[in-house]
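Here's a quick look at how a few pieces of this fold pack together. Have the structure open as you read.

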Amino acid sequence: MADIIQLLPDNIANQIAAGEVIQRPASAVKELLENAVDAGATHIQLIVADAGKQLVQVIDNGKGMSESDARMSFERHATSKIKGIDDLFHIKTMGFRGEALASIAAVAQVELRSRRAEDELGTFIEIEKSVVVKQEPCASATGTSISMKNLFFNVPARRNFLKSNPVELRHIVDEFIRVALSFPDIFFSLSSNGQEVFHLEPGSLKQRLLQVLGNQYSTKLVNVKEETDYMNIYGFVGKPDTARKTRGDQYFFVNNRFIRSAYLNHAVMSAFDEMISKDSFPLYALFIDLDPSQVDINVHPTKQEIKFEDEKIIYAFVQAAVKHSLAQFSIAPSLDFSLNAEIQQLDAVNKPATTGSIDSVASSSLFKTFTQKNQAHKIDPDEKSELRHWKEFFTSSSPSSTDLQQPQKGVSDDNFFITGRPFRDVIWNAESALPLMQIHNTYIIATTENGFLLVHQQLAHERILYDRYSAAAHGKKMAAQRSLFPVTVELTAQDSVLLLELLPDLLDLGYLVEPFGSNTFVVQGTPADVLQGNEKHAIDLLLEQYKHFSSDIKFSRRERLVRCLARQQSIRGGQSLSAKEMNVLLEELFACTASNVTPGGNPTYIEFKQDYLERMFGR
Ligand code: ADP
Ligand code: MG
């Protein structure tokens, strides 16, 4: 019997391999743009016709190719970018596999025109189905122009598989934007069917982002920048109010290479945590730079996936950096101490604010009221110690001072109140003659340097309690205040089952409740905040709200409980507050990390800035 194994002819092998690299016009766009960048171009034009199905052309002013390099570039595994296996671990260029041009030439009609600065004449090559049709010297500008025509003309099945023009064009634009964002100092343009769609002059990353996203974002981007020995991160996140219902502009780049990473995306989402509703997507463009040996980019080029040597650190780092920036942008700059220990040790977390980050918050009017002494990172333990008079806030009678201090100890020292700057740095009333004012027993008006805040007392209080209770639920147990006269509560069978399930969590939150025979419980103590004598009502309300929340499977049992309690315990509209109570409320509010929203995503206050007010008056 004759042997049956044969080697595939080159052109067929190329065609098969091409399927992996070039799936649609946009794949060619990515490869050609990256080649132009690798060639050191400062001016790159992309021209497409018929959503790239008819033509994809990239013209660059890069270093060009010699005659033989031009010919070689279409060979599979022909690359100028790596010479030995070691180079693989220090990749600085976008390409390195030497597959792109070979693949494109296998499935389209390609024309290349290229000239190096030192050569008088350039080279013209026409290649089709991996076969050179024509090669000759030609006049050419310095740089390279490659046109890919009639993609998949020889593979009808693939051509038919392409989507409609709008869909394919969208893919092209996506790739174009990713490359354009990675290299803001390069000029890029994109023309489609003779119309220029993008014309991006070189500039800073922020300028490039605004060119791409639209100028309306100019006041909506928050700078992110942290540097450590291990890695750097820089870029921008959109302020919470730019979050959208559809996943839109979210970009991660590792060593300037666009990547998709659900894992890192999650890190950013979690940094936004309470600031945006769960079903919306924040905008971001973040660049992570680290030693190439810490990353495995030797995965398939089109998959845009990446493997890190140490994923967890990167996650924590991204999360911390974004949180940090958001905190600086929000009124109460804060550090989040709930981050895991690993990240606490990272430099970035311990570092003082960078000039860049300070600049970026300096534009917020409230920031301008911050004094030198109250730097974004300065946490002065002395200042916070006098802030807490919670008990007074809840009880109209004046309890003894030991009673007052006791329950606060458990919550006030570390986790809770370390975060913010004293609100008197934000709110002018504190120092000036203007007192806080309550209107309709529901809102508090507080003057700021150049405007005022309208604070919703209930929502503000809900945020405060939520922070306090979550800290309690995460290890900082709340002290219960033992009742002098324990109250017995009788519940329905259904409610008792529920309450039994919640007892351990409730205990951490300061509720001392014990089962006492069938469907009966004794309330031995409640958190210091809960008015004594009101225990039964509190338990009833809690169960009712908890049931209401139970359908919300997004949250853990504890989280639901915390949310219920915060809502249930918050002061209502209609309750008149003393000047002191208002002061405490605002102090506490601005000590919260996400002081501007409730856990459910409602604003806790609205800021009216002077320029906005002026505009309202038509000035
Ligand atoms: P890779 O980029 O992985 O090296 P490609 O198939 O994309 O592989 O390109 C092969 C080679 O052709 C490159 O290594 C480079 O030397 C050369 N080349 C491709 N495009 C250009 C260009 N626009 N300008 C200069 N040289 C280019
Ligand atoms: Mg390449």
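## What counts as pairing

Two strands are taken to pair when DSSP finds at least two bridges between them. Keep in mind that this is a predicted model.

## The three-stranded sheet

With that in hand, there's an open sheet of three strands, ordered β19-β21-β20 and paired antiparallel. The edges belong to β19 (480-490) and β20 (512-515); each has a single partner strand, so one side of each has no neighbour in the sheet. On average, neighbouring strands are turned by 20° against each other, ignoring direction.

Zoom in on β19 and its partner, strand β21 (residues 520-527): the two run antiparallel and share seven bridges. Across from Val522 in β21 you'll find Thr488.

## A helix over the sheet

Helix α17 (residues 493-508) lies across β20 and β21, and its direction makes an angle of about 140° with β20.

## Two helices crossing

Over to another part of the chain. Helix α2 (residues 25-38) and helix α4 (residues 100-107) have axes that come within 10 Å and cross at roughly 140°. Angles over 145 degrees would count as roughly antiparallel, so α2 and α4 are classed as oblique to each other. Their crossing is left-handed.

Which residues of α2 and α4 make the contact? From α2 come Ala28, Glu31, Leu32 and Asn35, while α4 brings Ala100, Leu101 and Ile104. Sorted by class, this contact of α2 with α4 has five nonpolar residues, one polar and one charged.

Terms used:
Residues are numbered from 1 along each chain as its sequence is written. Chains are lettered from A and ligands numbered from 1 in the order in which they are written. This is a predicted model: local features need pLDDT of at least 70, side-chain atom pairs count only at pLDDT 80 or more; totals for chains, interfaces and linings use all residues. Side-chain values use heavy atoms; hydrogens and water are left out. Axes are lines fitted to C-alpha atoms, for helices over the stretch in contact, and angles run from 0 to 180 degrees between N-to-C directions. Helices (H or I, at least four residues) and strands (E, at least two) are DSSP runs, numbered from the N terminus. Angles under 35 degrees count as roughly parallel, over 145 as roughly antiparallel, 65 to 115 as roughly perpendicular and the rest as oblique. A crossing is left-handed if the near helix is turned anticlockwise from the far one by less than a right angle, and right-handed if clockwise. Contact means heavy atoms within 4.5 Å. Ala, Val, Leu, Ile, Met, Phe, Trp, Tyr, Cys and Pro count as nonpolar, Asp, Glu, Lys and Arg as charged, and the others, Gly among them, as polar.
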